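Good morning, and thank you for coming.

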Amino acid sequence: MADLAKKILKHAADTLEPGEQVLETAIVTPRGAMARQAVAGGVGGVVGLGVAAAMDKKRRDGAPDAPEGTWADQFPKRKVFLSVTDRRLVVHAFGEMMGRPKELLGWVPREAVQAVQVEKAKLAHKGTLWFSDGSAYEMDVARAGGEPDRLGRALGLHA
């Protein structure tokens with residue numbers, strides 16, 4: 001079992017259903033967030049923040065939000081732990097101070113997930129979850145944990 005899945009079991013096991021098993025966990029953010037964070041930190045100071053803000057604006061202008069009320073619209077717009085269990089996708093808040101899972105933010109039944117695709121990238125893997133309501137959630141998947149398609153394998157789905 002991956003180290004991230006062990007964190008869920010250690011710090012957020014009380015949010016799982018009785019007998020539910022965590023198959024895989026990843027740290028995810030909305031698409032582009034990890035690159036903006038790296039630019040802001042790498043360039044530093046006011047210049048780094050300005051470049052990151054310009055990247056945010058370009059991203060917002062180029063990608064419409066998911067339709068209101070869809071599965072994709074309900075995903076948090078921040079860094080989270082996304083866990084695949086034998087029953088559902090579970091989303092926990094990411095504790096920035098200790099890097100631990102915090103409160104349960106929500107979940108999606110596995111049957112609502114129609115496809116997943118995660119591609120290797122330099123800074124963070126690029127992923128998309130497609131849902132049965134026609135919506136899609138574009139995400140960055142942290143490189144920690146190895147192979148980019150591990151979420152797809154845990155779900156038994158590939159786009």
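I shall describe the chain, then the sheet, then the cores, and finally the rings.

A word on the source: this is a predicted model, in which local features need pLDDT of at least 70 and side-chain atom pairs count only at pLDDT 80 or more, while totals for chains, interfaces and linings use all residues. Residues are numbered from 1 along each chain as its sequence is written, and side-chain values use heavy atoms, with hydrogens and water left out.

Let us begin with the chain. It contains 4 helices and 7 strands; helices (H or I, at least four residues) and strands (E, at least two) are DSSP runs, numbered from the N terminus. Read from the N terminus, the order of elements is α-β-α-α-β-β-β-β-β-β-α. Of the 159 residues, 43% are buried, where buried means under 20% relative accessible area, exposed over 50%, and partly exposed in between, with a 1.4 Å probe and protein chains only.

Now the sheet. The 7 strands form an open sheet in the order β4-β3-β2-β1-β7-β6-β5, with antiparallel pairing; two strands pair if DSSP finds at least two bridges between them. The edge strands, β4 (100–109) and β5, each pair on one side only. On average, neighbouring strands are turned by 35 degrees against each other, direction ignored.

β3 and β4 are joined antiparallel over 7 bridges, and Arg88 stands opposite Pro109 in β4. β1 and β7, also antiparallel, share 3 bridges, with Val28 opposite Val141 in β7. Val141 in β7 also has His125 opposite. β6 and β7 form a hairpin with 4 residues between them, and Gly134 in the turn has a positive phi of about 90 degrees.

What lies across β1, β2, β3 and β4? Helix α1 (residues 3–11) does, running at about 100 degrees to β1. Such angles run from 0 to 180 degrees between N-to-C directions, and the axes are lines fitted to C-alpha atoms, for helices over the stretch in contact (heavy atoms within 4.5 Å).

I turn to the interior. A nonpolar core is a set of buried Ala, Val, Leu, Ile, Met, Phe, Trp, Tyr and Cys residues joined through side-chain atoms within 4.5 Å. The largest has 22 residues, of which Phe75, Leu82, Leu89, Leu129, Phe131 and Met139 touch the most other members. A second, separate core of 9 residues includes Ala5, Ile8, Val22 and Phe94.

Finally, the rings. Rings of Phe, Tyr and Trp (its six-membered ring) pair if their centres lie within 6.5 Å; planes under 30 degrees apart count as stacked, over 60 as edge-to-face and the rest as tilted. The whole structure holds 3 aromatic pairs. In one of them, Phe75 and Phe131 are tilted, 5.8 Å centre to centre with 40 degrees between the planes. Because Phe75 lies in the loop between α3 (45–62) and β2 (80–85) and Phe131 in strand β6 (residues 125–131), this pair ties together parts that are 56 residues apart in sequence. Phe75 is buried at 4% relative accessible area, and Phe131 counts as buried at 4%. Together with Tyr137, Phe75 and Phe131 form one aromatic cluster.

Charges also sit over rings, which requires NZ of Lys or CZ of Arg within 6 Å of the ring centre and within 35 degrees of the ring normal. The charged end of Lys79 is over the ring of Phe94, 4.6 Å from its centre. Arg88 lies over the face of Trp107, at 5.2 Å from the ring centre.
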